[in-house]
Structures are given as C-alpha cells and as structure tokens.
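Subject: Structure for you to look at

Hello,

Here is the structure I said I would pass on. My notes on what was found in it follow below.

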Amino acid sequence: MLLIELNQLDTPTDEELDAVLCINLSRSIPNMIGNGGEEFLPPTFGQVPPSRIINWHRELLVSRAKSVQCMLDNLLQSDFFCAEDVEIVRRTPTKSDQMRKILELIQCKGEDVCEYFIYVLYKVHDAYMDLQPWLEDIQYQPSEPMLMINVVNSDPISRYCDTLRHELGRDTQFIMSYAQQEEARLEDLYTPTQMELINDRGESLGFLQNQDQLLDESGVFNPQGDVVYITGDAGMGKSLLLQKLQNLWSKGELRTDAVFFFRFRCRMFTAFQETAELSLRDLLFKHSRYPDDDDPDDEVFEYVVRHPERTVFTFDGYDEIEGGGVDLLSAEQVVSPEDKAHPLLLLNNLLCGKLLRGSQKVLTARTGTELPNRVVRKKVSLRGFSPANLQSYVALHFTTPEHRQLVSVHLDASPHLCGLCSTPLFCWIVFKSFKHLRAVHSDFALPEKCITLTDVFVLFTEVFLSRWALPARRLPKKRARCTSETFKSGLGSLGAHATLALQGMEKGRFIFNQEEVSACDLTEEDLLLGFLRPVHRYDACGGEATYEFLHMTLQSFLAALALVLDNSLDVASILQFFTECKRKREGLNLPCASCVTKSSKLRERDVFKSNEHLQFTNLFLCGLLAKDQSSLMEHLVPPVLLKKKRALLKAYLSTSIKSHLRGLPTYKSGEGTRVHVLPNFVWMLRCIFETGSNDVARLTAKGITANFIKLGYCNMYSGDCTALNFVLQHRQKQLGVDMDNNNINDYGVLQLRPSFSKMTVVRLCVNQISDSSVKVLAEELVKHKIVKVLGLYSNHITDTGAKYVAQIIEGCPRLRVLKLGKNKITSVGGMCLANAIKMSTSIFDVGMWGNTVGDEGAKGFAEALRNHPSLNSLSLSVNGITSEGGKILAEALLENTILRIFWLVENKLTDEVAPHLAKLVKANTGLSHLWLISNQLTAIGLRLLQEALAHNTALKEICVKGNNVSEEEEKLFEANKRLRFH
Ligand SMILES: Nc1ncnc2c1ncn2[C@@H]1O[C@H](COP(=O)(O)OP(=O)(O)OP(=O)(O)O)[C@@H](O)[C@H]1O
C-alpha cells in the first residue's frame, strides 16, 4: 500500500515520492482491472506534502475550483501573492488558465502557500462546493498554523448565497400572529403535519417522514417535471411548511445542494399591470435582493442560468392567481433568460421548465387547484395534524401545566374539537383564543356544546376586540366575560373591517391599498386591532402600502358578518355568494359549492381560481344566522331584520338542497339505487351543520332517496363527520355510505358513532384509521347487526384491530364483504379473523391483500375454507405465504365447493406446491379463478397445472404471469388458453 511505503520513507525527496507514486500507480492499474490484490488509493493529506497533492489532482482542481477572484483575494491579503502575481494570473485569458497559473505559482512558492490554497477551498465552502467531496477524499484537516491565517469570502456566488441565507433566516423565524409582540418563534411552535404522497392518479403512496423528502426522489412519478406540488385545504399549513423549508435551508439544515433559494407568493404575480414586463434577472433579484456591487460580471445570475439545478424556488398559493393570464397548457410563448416578459408568463415558463429547466420548484395551492401532470414531478397532499401531532402542538403551545391540562380535557371529551384542530390554522385560533380569554376572564371555558367553525371565529373576533377595547396594561385583572358587550363596544371598527372584507370578496380581492382602507373609515387605531396586516413585499412592485386580512378565512368570516350586520342592504343580498357559486357552475343548480363541472370556456377562465373564499363566506353566513348565535347577534342587528335574514337563508337552503339532491347522478345496482356525490356536497353538509337547523338537516336526510351514497374522494376531513352525522341522525331508512379515500381518521369515526346504527355499508378505506376506530366500529356494528359491507383497506389496523374485526364478523350475521388489505395484520390477527370467518355463514368476499399473515395465518384460513358454506372470494395475496402454507390451503380446498375466486398473487410459492395445486385443479371443486401471479413457479410446476386442467371444467383461468418461466418456455403452454401469462 502507498501508505505503508510512504511512511517507511523518513523525509522523502521529490524523486522518491514520484517513484513511490509511480510504483503504486503501476501496481494499482492491474488491480483496477480486477486482478485482485492491493487497492489503489490516491495520497491523502499528511501522507505527502500539499504541493504533491495539488500536482496529483491538478486537472480536477482546474475544472472544479471556479472562483478565481476569491482565491486571488485571499492569496493577496495573506501576503502569499504580491500584486504582480495577481496581474500575471489576470493576464491569462480563461478562468481555467487562470487557475492553472495560480497552481503553478503556488507550487513555486512552497508548501505553506500550497496548504493555504487548500485551506481556502476548505474555508470558503460555498464558493468551492464542488470540491468539498475531494477535500473529504484527501482527508484534509487544517494544520495549526493555517488556523491562524485569515480567509475572506469574496466570491460573489457564495456571498450572495450567504446573504440569501441570512435574509431567509431572519424573515422566517417567526410565525405570524394577530399582534406583532405576540409572534411565536417558528422553532418553538412548528409541529410536523401529515404529508401524504400522491401519485398521478391521485392514489396514496404513503406519508413523508420529514421536509427533506419533499426535494428527494421519493414518490416522483414524472422525472421530466420540475414541480413539487403541495396541496391542502385552507389553513392546512402550506405556507408554514414552505417557511420551515426556507428556514431549514437558511441554517444549512435542509438536505439539498441548492446554492440559491428564492421564494415568491403567487399573489404577487397578479399585482402587475397587464402591460408590465420584467426580465428573469429582475424577477429574481427585485423580489429577493440584488447581488452586491462586487459582482460586476453578473456571476450570480450566470450561475443560476448555468446551474439551474442548484436553485430552489418556492411559489406559495397558486390558487390565488386570477384565471386570465395563466394557462400552463397553452403557455406556448417561450421566454429566454434575457427576454423581458409579463411576470405571469415568466412564472408559466418557469413552472413548465421552459425557463431554468431542472431548477427545483415547490408550488403550493389549495386542494382542487388543477395543474397539468406533465409539469408535476411529485404531489404531496397536506393532511393536517395527526392525533400525535396534535398532542405535541398542545405541549408546545401551552407552557403552563394548568392550561395544558384543561385543553387536553376538552380535546379528549370532544372528537369534533379534535377534528377541527387537525387543521393547524383552526387549532391555532382555538388555542390562542383560549389562552387570551383565559388570561383575561376568570370564567372563560371552551363551549361544552359541539363547537362550529363560526363559534371559533366569533371567539377569535372577541379576542381581537377585547385586546383593543381594554389594552392589557389597563385591564382590571380577571373580569367577568360578556361577549356581547365586547362586540358592542367594538362594533364601529368591526363593522368597518367587515365592510372592507365584503367589498374585497365581491371583487375577488384580498389585498387593499390605503385608499380602500380609508374609504371604509378604518383609522390607524383600528388597524392596531390586528385583523389586517401590512403586506411589505408588495411595496417592491412600486405600489403604496397595502394590507391583507390575517387569513383568507378571516376575510370570509368578516364578509359574512357584514352581510348580517348591514341593515341598509336588501335582505336578498345575503345570498349573493350562493348565487355567485351557482352562476359559476353553469347549468347545475347546486348551492354553495365549487365549480366542479364547468363549461370549457369557464373552465379556461377559472381553472386556477378557487372560490373557496366564497364557500367559507356562505358557511359563516349560515353559522352567524344560526339560532345558537342569536344571543350575540341580537345585540348587533335589529331582531326583526335578523329573523328575516334567517328565514330567507333557511328557505333558500331548503329549496337548493332539494334540487341539488334531485340533480345528483344516480344509478341502479343489484342492491338498489346508488348516488355519487361531488366534493361540493361536503360544502353543503358543512353549511347545514353551521345552521344547526334540524329542519334543514331532516329535509336533507329525506332528500337522499338512494340507499347507497358514495362520498369517496370528496376531501372530507374528520370535522366533516359531525356534519354528516348531523344529517344522518334524521334519517329513518338504512343507508350504505362509502367514504373511501378521504381524511376521516379516528376522530371522524368517533363522530360518526351514532350514524353506524343506520349504515348497511361502511366503507372507510384509505382514511388513516387505527385500532381504536375498529373498536368503536365493533361496539356499534355488533349492536345494530345490519352491516353488510365493511371496507377498511389501507389503514393502520394491527392485530389488535383484527380482533375487533373478528368480533364484527361473529356478531353481524349479514356481513358479506370484508376488505382489510394493506393493513398491518400478522399471523396473530390472521388466525383471529380466520376463526371468525370459519363460523360465519354470511361472509362472501374477504380481501386480505398486503398483510403479513404468513404460513401460520394461511393455516387458519385453510381451516376456515374447509367446508365453508358461503365464502366465494378470498384474497391472501402479498402475505408472505410459502409453499408450506400453499400446500395446506390447497388441501383444505379439496373440501370446499363454494369458493370461486382465490388470490395468491405475490407470495413465495414454488414448484413444491404445484402437485398439491394440481390435485386441487383435478378435483374440479368449482373454483373458477386462481391467481398465482408473481410467485416462484417454474415450467415444471406449470406443466403439472396444465395437465390437471385437462380434468377440470370449472376453472376459467389460472393466472401465472411473473413466475420463473422464460419467454421460450411460455410458448410451450400457448395451446392452453386457461393458463394465462398476460
Ligand atoms: N406545522 C405547523 N405547526 C404549527 N402551526 C402551524 C403549522 N401549520 C400551520 N400552522 C398554523 O396555522 C396558520 C395557517 O397556516 P398556513 O398559512 O401555512 O396555512 P395555508 O395552508 O397556507 O392556508 P391558505 O391556503 O389559506 O393560505 C399558521 O399561521 C400557523 O399559526
């Protein structure tokens, strides 16, 4: 080894070193081509003098050490170079030549200078990022004398990188609050939320573990796309996730080699005049900052253009871009980095990869905002706080044990409150309000009743008003709470904010200039309330000071309040946003819902425009006009007027719901009529719940004439289950409910508890349900005994949950279909289920795909199958079953004449099982489909099956694709059409 030989030489001369290196190289060449023996290793730092290392790696250093200027500045300021040396270097034409010249000069000047050269590479990390792996390879550690010498970073790229890191770090350290003094530090309060990876068909691929994974390769379905697309409902934490990402990068804690990080709010792109034009350079620098003067050669921008993969962009709130200018599908106009164009066009080109192709872009938008898959690299859907996340957030938010305890008790008692709090924004509002009101009023407690979203925002408004009415220092300690007094005393200012919010809502605007603010009689003192916050970033666009509401949902709430408060408006105008939503849905007479089906023209115009803000306004209107709010609203609005508005809303809702339900697409199946609802149906449920009107709920329950309702992929979250339950409690007839592929979780199941008495079909596949939910299901379903279908595919059910499912099988004599695939059930749970299935005389179809019951579980299922009277279809695919389990199953099936479809896909079956399967085939038990895809059978085993098929009349197919059979061998079986390879 080189190491040994060099150590053997005391103080090697150059010739000796060269000789050693040559010998070593010549020895290593055969080794490198696979002759075995010693491995070739280049010298490491300390083994040979620095000049040798530099010599050895000269070309690598020339090609990777880009910042000549920074190196020259350091050599000069440390007196290793004189002005003349610098001049000599500068005279050479290209950067590579200049670096070659530097290497030449330092090698002439001695070992100290050579080490200093390496030390600069080491110290100015960002400028010489490409050489950091090399420094690791040579195991560089600065020597004592080097540590005493100063190193400056004069590289424009790394200086700019430092500046961006510094600014991002500064700007992202606080989480917004309604009062600036109360802002919390990001690192004190940030709590991870659930980030679900979604494929191009909208199916779940599991959950990300941390923010680093947003930028890595996990879940990439389109390597050609550059955009990491993050969606989530209002307040789910999209902006905060980006803030966290930026903060991590600023501290060098994000796993990425990105040198630059630019952040934008999409809203900004619409703030420009139609004729505005900007270059990419201005877009980048104007909204972050320009590189310092010491970048005369525009190296920073050149670097961005040359190495787009080293730049991360975040674009927050794509849904906030008005339709008009943006249409990725027709963004044919290509812009070059030098061209000027409208900022929206630049954005389009960036997202489509026509500008800075390969740069990393993270884009957020509300759920439902469309983006063509071809520009998307991967998709992530934010699902809010899990129960564990919520617990952590409580602990972070409440430092006093008394508060923590009180809030935990409230949460434990109310799954509905937990459901609301799984949306981080609503959770923050509830906790913040609780903290504030508890500090001010001795008698404050969260409402015992089922709290609505309107209650939450009323509480929040009370916090704003109470802070303003009596600034903290003047507060008499712990006075009694009187909400109506607080509202009355702040009514002037509240009304003015509400008017501004309504005006914005009518024009689809979320940003207000000083003129608009003043026109609503909002004074500077009013602004201190905190409903509005200044939007500093927009100043850069050349406009005057602008404001936005703390959150879009707050604007919606205040707009709804304006509709209720204003007694000069025509009463009918309270319905204006319902009508607006309706108008946008051409033809479909649906209330309060998003434009799910639009004409192509409208689609073009509105494709990127969410009208969730209108839906929230309608929802809050329903809540504010609810009877439950009368005690407050009657102090603010003449009771007669309030009554009129309430009556009108109720009449409108009743008519609209009826026609909505009549208009839903239905189809007839063997088991009655089915109805497929659309996501806007969930908005309708939410509005009904906010009204708290039993009449409206009853009418809705009655209006669902079908006996099966499909709510799959409707973006239902756990809080919506209270609304569904509110309606279903008025239903007399039984109903099948398919809630697959939503975000219901354990809180949602708890809220649905009373409704299970009506449900004949309970489908909760892909909903993050754990064992505790299955326990609830077992208690309810066994009590009522009407369930026929239970779908729990792809949840978090373990053996504990499997035991509860077994209780359901045993206790529900009508249960026919059970879907339990893709859970975490092992042989223990498998045995329990199998035992229960054995006893059932109704069970018809069981799906266990993707668990791990193994051979032990297979044995249990074999016992269940023996002489089973009803089981028609069974899937034990992807369960780790070997030939041993396979044999037992095959033998048991000899005593079964009922099973028709048997799935054993992707197990570990080999030819050992083939004779047993062949025997089963020969026995002609009535089995019609046998799925053996992706096992380890060979042509020998298949031959046995082929021969057996000659004696079988019932089997329609044996699917054997993906076994150990070559294409040639496949041809041998061509004649037998029942042995399928495709
Ligand atoms: N991960 C989190 N940890 C702690 N608090 C959070 C988290 N995410 C969000 N929040 C709280 O919720 C508030 C709203 O979050 P954010 O603005 O990120 O939501 P959003 O999804 O961007 O909403 P919108 O689509 O309406 O803009 C934050 O200001 C913060 O108080």
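Helix α39 (residues 827–839) and helix α40 (residues 854–865) have axes that come within 8 Å and cross at roughly 0°. Axes here are lines fitted to C-alpha atoms, for helices over the stretch in contact, and angles run from 0 to 180 degrees between N-to-C directions. α39 and α40 are therefore roughly parallel to each other (angles under 35 degrees count as roughly parallel, over 145 as roughly antiparallel, 65 to 115 as roughly perpendicular and the rest as oblique). On the α39 side the contact (heavy atoms within 4.5 Å) is made by Ser827, Gly830, Met831, Leu833, Ala834, Ile837 and Lys838. From α40 come Glu856, Gly857, Gly860, Phe861, Glu863 and Ala864. By class, this contact has 6 nonpolar, 4 polar and 3 charged residues (Ala, Val, Leu, Ile, Met, Phe, Trp, Tyr, Cys and Pro count as nonpolar, Asp, Glu, Lys and Arg as charged, and the others, Gly among them, as polar).

Please keep in mind that this is a predicted model, in which local features need pLDDT of at least 70, side-chain atom pairs count only at pLDDT 80 or more, and totals for chains, interfaces and linings use all residues. Residues are numbered from 1 along each chain as its sequence is written, and side-chain values use heavy atoms, with hydrogens and water left out.

The protein chain averages a pLDDT (the predictor's confidence in each residue, from 0 to 100) of 87, and 88% of the residues score at least 70. Over residues 1–39 pLDDT stays under 50, and the model has 41 contacts beyond four places in sequence for them. Residues 586–609 also stay under 50, with 68 such contacts.

Now the strands. Helices (H or I, at least four residues) and strands (E, at least two) are DSSP runs, numbered from the N terminus. Two strands pair if DSSP finds at least two bridges between them.

Strand β6 (residues 260–265) has 5 of its 6 residues buried, so it is largely enclosed by the rest of the structure (buried means under 20% relative accessible area, exposed over 50%, partly exposed in between, with a 1.4 Å probe and protein chains only). β6 pairs with strand β8 (residues 311–316) in the parallel sense over 6 bridges, and Phe264 stands opposite Phe315 in β8.

An open sheet of 3 strands has the order β12-β14-β13, with antiparallel pairing. Its edge strands are β12 (511–513) and β13 (532–534). β13 is joined to β14 (residues 546–549) by 3 bridges, and Leu532 has Phe549 as its bridge partner in β14.

Regards
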